[in-house]
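Reader: I'd like to learn how to read the domains and the ligand site of a model like this one. Could you walk me through it?

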Amino acid sequence: QNNILFIKSFMILLLSCLTIRLDLCFSSVPSSLRALPLDGHFSFDGIEFASKDFGNRYNLPPLAVLHPNSTSDIATTIRHVWQMGPGSELTVAARGHGHSLQGQSQARNGIVINMKSLGGGQKMQVHRGRFPYVDVSAGELWINILQECLKFGLAPRSWTDYLHLTVGGTLSNAGISGQAFRHGPQISNVQQLEVITGRGKVVTCSQEKNADLFHSVLGGLGQFGIITRARISLEPAPNMVKWIRLLYSDFSTFSRDQERLISSERTFDYIEGQVIINRTNLINDWKLSFKLQDPVEAQNFKSDGKTLFCLELTKNFSPENTDAANEEIESLLSQLSYIPSTLFISEVSYVEFLDRVHRSELTLRSKGLWDVPHPWLNLLIPCSKIHAFAEGVFGHIARETSNGPVLIYPVNKSKFDNRTSFVSPEEDIFYLVAFLSQATPSSSGANGLENILARNRRILDFCEAEQLGVKQYLPHYTTQEQWRSHFGARWDVFMQRKSAYDPLAILAPGQQIFQKTI
Ligand code: FAD
């Protein structure tokens with residue numbers, strides 16, 4: 001009995017020592033951070049913004065927010081955390097514009113780096129010449145890069161649908177939009193990066209120099225380093241675009257036309273698509289910003305109760321070559337099999353087209369519908385399985401309503417560099433299908449959060465049961481087993497890269513891939 005008593009007392013003592021050690025460790029952290037020699041500063045109060053994101057579902061309060069004013073501020077901070085060793089729980093998350101969906105840019109009790117304050121301190125530099133590029137801070141918003149480059153008649157080649165996202169945030173995923181079929185995603189249009197690894201080392205990397213780190217970080221979900229600067233390829237900026245929408249009622253015809261367009265040399269400059277589920281007043285709504293080629297016939301067209309497929313295209317042009325552009329468009333459209341009365345065309349400036357989602361943002365904000373939960377689901381589907389997917393999902397699971405856009409378009413895998421950390425299906429063409437849902441707050445109806453999450457679950461279960469070989473884009477998993485299966489054959493390389501560049505698992509804990517051990 002004495003022995004048991006002794007063991008019990010010993011265990012209690014051990015536990016109290018451990019708790020005191022952890023307490024000491026945490027209570028001394030703010031003062032040790034305050035003591036770091038920085039150009040910028042740490043905030044410990046008023047930092048609620050760093051525990052929120054666009055998804056509006058995860059809330060992980062950090063210990064501190066770093067507002068860096070230089071690359072060395074970030075390096076100094078990470079080196080400090082690295083030197084605390086595996087005994088400290090402290091982690092670090094870069095926060096771009098916080099437009100993640102499930103807490104990926106958050107760090108519970110850790111340090112969040114407000115990357116946008118780095119953008120303010122360092123100027124963009126546009127380089128003209130035969131192969132133009134721009135050097136930017138990774139905290140810069142793409143909209144600002146566009147505005148700056150346009151002053152030189154230049155623009156990046158590959159975009160996301162929404163430009164109020166940071167360079168570091170989209171390069172950590174991929175950055176996919178309607179230009180990717182031709183130019184590849186944004187991660188295929190970067191020439192050089194400056195990265196701070198999980199050991200606090202500042203490294204310049206490119207295809208030629210420190211290539212493994214360069215490829216690791218692109219699509220690397222923030223796991224291998226913090227991108228501080230990026231060199232982005234540019235092209236002569238288009239002046240105007242013809243923006244075209246066409247409707248289909250048959251999925252096979254729609255996808256055949258999409259695939260043909262992304263596979264030809266002579267084609268449009270941007271190719272996307274949408275699934276339109278049971279939408280009333282579609283024709284009248286679009287008539288506000290598009291010109292209908294056949295307004296009389298179109299009035300007889302009814303969208304209610306139907307699932308339609310909209311092909312969305314653009315052609316760049318300058319006012320002086322409008323006729324040539326019109327001829328080219330007419331010739332390209334003549335090869336497509338859309339419903340003839342549903343041809344919508346609009347003419348807008350390049351900026352107006354690229355920044356189109358921001359206009360919707362302003363409208364939604366004015367109605368209080370922007371800061372709502374966004375249970376998004378983004379999938380990458382092999383081309384050979386897209387019909388099975390469409391039949392199961394648009395034919396059965398998601399027939400009633402979509403409560404947000406549903407995007408669907410194919411891209412060419414050859415434009416994605418398979419040395420990066422980004423994973424996609426192993427076929428020459430794969431589709432991006434994005435359910436961009438917004439939940440009606442405190443509703444238990446079809447548009448309520450729980451119902452949308454249940455629908456997403458049913459879609460994922462269907463893909464798994466039918467073995468469609470689907471990958472998530474902007475992936476979210478909660479166990480390492482699921483991550484292992486997401487990366488498949490690439491998991492071993494992902495692990496090796498983690499142990500080379502962030503062996504203590506300090507970076508981007510919100511992705512829930514690795515856990516810092518103490
Ligand atoms: P954050 O959410 O702040 O960060 C994302 C992840 O990257 C986090 O893990 C973070 O720690 C890490 N990170 C951030 N900055 C850095 C850095 N400098 N270095 C290393 N890691 C970093 N995506 C597309 O591909 N195509 C689209 O068309 C598209 N449209 C969108 C439209 C809207 C309205 C929204 C909200 C999102 C859209 N996205 C799209 C998704 C978007 O690309 C990602 O959510 C992206 O992460 C958002 O960028 P951010 O700057 O807000 O990054």
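This is a predicted model: local features need pLDDT of at least 70, side-chain atom pairs count only at pLDDT 80 or more; totals for chains, interfaces and linings use all residues.

Reader: How many residues surround the ligand, and which are the closest?

Author: The ligand is surrounded by 37 residues, and the closest are G96, H99, S100, G168 and G169. Two or more shell residues come from each of β3 (92-95), α5 (167-171) and β10 (225-236).

Reader: How is the chain divided into domains?

Author: Domain 1 covers 2-115 + 503-511, domain 2 covers 118-236, and domain 3 covers 240-473.

Reader: And where does the ligand lie relative to domain 1 and domain 2?

Author: The ligand lies between domain 1 and domain 2, because both give residues to the shell around it.

Reader: Now to the domain contact. What is often used to give the size of an interface?

Author: It is often given as the accessible area lost when the parts come together. Here we can look at distance and residues instead. The C-alpha centres of domain 2 and domain 3 are 26 Å apart. Their contact takes 23 residues from domain 2 and 22 residues from domain 3.

Reader: Which helices supply at least two residues of the side of domain 2 that touches domain 3?

Author: Those are α4 (142-150), α6 (180-183) and α7 (211-217). The largest share, three residues, comes from α6.

Reader: What kinds of residues make up that side of domain 2?

Author: The side of domain 2 that touches domain 3 has 12 nonpolar residues, 10 polar and one charged.

Note on methods. Residues are numbered from 1 along each chain as its sequence is written. Domain bounds come from an automatic or database domain assignment. Two residues are in contact if their C-beta atoms, placed from the backbone, lie within 7 Å. Helices (H or I, at least four residues) and strands (E, at least two) are DSSP runs, numbered from the N terminus. Ala, Val, Leu, Ile, Met, Phe, Trp, Tyr, Cys and Pro count as nonpolar, Asp, Glu, Lys and Arg as charged, and the others, Gly among them, as polar. A residue is near a molecule or strand if its C-beta atom, placed from the backbone, lies within 6 Å of it.
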